[in-house]
Amino acid sequence: LSDAHDTARGSALGKWPSIYLELAKYRLSSLVVFTTSAGYAMAGPPFDLAVLAPTLVGTFLASASASCLNQIYERDRDGRMRRTMRRPLPAGHMSVPHALAFALGSGTAGVGLLAACANPLTAALGLANIALYAAVYTPLKVRSHRNTEVGAIVGALPPLMGWTAATNSACGLEPLALGACLFLWQMPHFYALAWLYRADYAAGGYKMLPLYDPTGERTASHCLAYALALSALPVATSVAGVTSSMFAVESIAFNGALVLLAARFRERASQGRARALFLYSLIQLPVMLVLLVFHGERLQGGGARESDNGARALPAVERLRDAGRELCAHERIAKAGAGGAAPTACPIVLGEAASSESALQHLPTARGPAAE
């Protein structure tokens, strides 16, 4: 009997980690951590692990807290939906007081860690994100289909938290670009998801756009509009000097595919086309964020934070860029035509060089003592 009791007790203890992970929505929270790391990297070198690591852990804990509070509030509705009925609370695997203790504990630990190891601004954003998700977005889901836009604001804050952890400032075009990227990406992603599970959302009593759109035309039109807006972002960041022009060139491929899938969904709303758009968006976001950081001017040294360690972070990036130049079609054509002795002929590089030369020519000429 003792052995059987010990076995049962060990089995019960072993289930708790998976239950806590479910309460934390660990897949979503892991994506939040990834976007936070992109925001930190966007600020450029040096990369201080003593700041970055606790920032990522604190962000995960804050996200876990918000997700748990969301599930406490929605536990009855989750029990009506096939997609969510197996979550810990509707399935009866955990009591509400226990879940609330987990939410408060992880939230307090996460915000405290951000305040102690990053800065008060990042901690304030983490606290604001918990409040916005749990106290605004969650109740709004049963009141207005505009909850998707509010939820997208919540998702746009973590990369900003990464930026503020690195710079202790929320100002600049870079955090604006990061936030815009996440906000715009979430719209086709979640509209496609809402279309896929519209029957489930109806059973749960949620106000989602597809429930007011039986043909799918409005939902698909929103997906296409936001996909087009997201496709314009790399051009805007290149023009603004946040990234190099190659980001805009490379984005033609991965953003073009998103627009194509959204257009096909707009042409005929179906489960298959909505699923294709949703699944591709999961690939498109990390690709776009990695390239946004990789082509960021701060990673190239322009505006990077001053530190003796800063120079050590750049050679690997430069080697990757050199390898990219070797693959550039314009470079290869020019070198073949001139026996390999021609200067760079890539129109992106030439355009940036011409822009820099023009700017230098318009600078006022300094007057020395001899000119007086």
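1. Let's start with a term: a salt bridge is a side-chain nitrogen of Lys or Arg within 4 Å of a carboxyl oxygen of Asp or Glu. The side chains of Glu74 and Lys141 make one, with 3.0 Å from N to O. Glu74 sits in the loop between α3 (49-73) and α4 (75-78), and Lys141 in the loop between α6 (120-140) and α7 (147-167), so this pair ties together parts that are 67 residues apart in sequence. The helix names come from DSSP: runs of H or I with at least four residues are helices, runs of E with at least two are strands, and both are numbered from the N terminus.

2. Before you go on, keep in mind that this is a predicted model, where local features need pLDDT of at least 70 and side-chain atom pairs count only at pLDDT 80 or more, while totals for chains, interfaces and linings use all residues. Residues are numbered from 1 along each chain as its sequence is written, and side-chain values use heavy atoms, with hydrogens and water left out.

3. How many salt bridges turn up in the whole structure? The search finds 6. Another of them joins Glu149 to Arg146, with the closest N and O atoms 2.9 Å apart. Glu149 is buried at 14% relative accessibility, whereas Arg146 is partly exposed at 43%. Then there is Glu267 with Arg273, where the closest N and O atoms are 3.3 Å apart. In that pair Glu267 is exposed at 62%, but Arg273 is buried at 14%. The general idea behind such contacts is that side chains of opposite charge can pair when their charged atoms come close.

4. Now look at helix α8, residues 173-196. Its 24 residues reach 35 Å from the first C-alpha to the last, close to the 34 Å expected (the expected span is 1.5 Å times one less than the number of residues). Helix α8 is also mostly covered, with 19 of its 24 residues buried.

5. On to the aromatic rings. Rings of Phe, Tyr and Trp (its six-membered ring) pair if their centres lie within 6.5 Å; planes under 30 degrees apart count as stacked, over 60 as edge-to-face, and the rest as tilted. The whole structure has 7 such pairs. Tyr20 and Phe102 are stacked, because their ring centres are 5.0 Å apart and their planes are at 20 degrees. This pair links distant parts of the chain, with Tyr20 in helix α1 and Phe102 in helix α5 (residues 96-117), 82 residues apart. Tyr20 is partly exposed, at 27% relative accessible area. Trp16, Tyr20 and Phe102 form one aromatic cluster.

6. The largest pocket holds about 1,200 Å³ of space. On a 1 Å grid over the protein atoms alone, a cavity is a set of points where a 1.4 Å probe fits but cannot get out, and a pocket is an open set with protein on both sides within 12 Å along at least five of seven lines; lining residues have an atom within 4 Å of a point. Its lining has 47 residues, and Lys25, Leu28, Arg87, Tyr133 and Phe190 lie nearest its centre. Helix α7 gives the most to this lining, with 8 residues.

7. Finally, some backbone details. Lys25 has a positive phi of about 50 degrees although it is not a glycine; Lys25 is in the loop between α1 and α2 and is buried at 16%. Asn168, also not a glycine, has a positive phi of about 60 degrees. Asn168 lies in the loop between α7 and α8 and is partly exposed at 49%. The peptide bond from Pro45 to Pro46 is cis, with omega near 5 degrees, and Pro46 is in the loop between α2 and α3.

Conventions
Buried < 20%, exposed > 50% of the residue type's maximum accessible area, 1.4 Å probe, protein only. Points joined across faces, edges and corners; volume = space filled by probe spheres on them.
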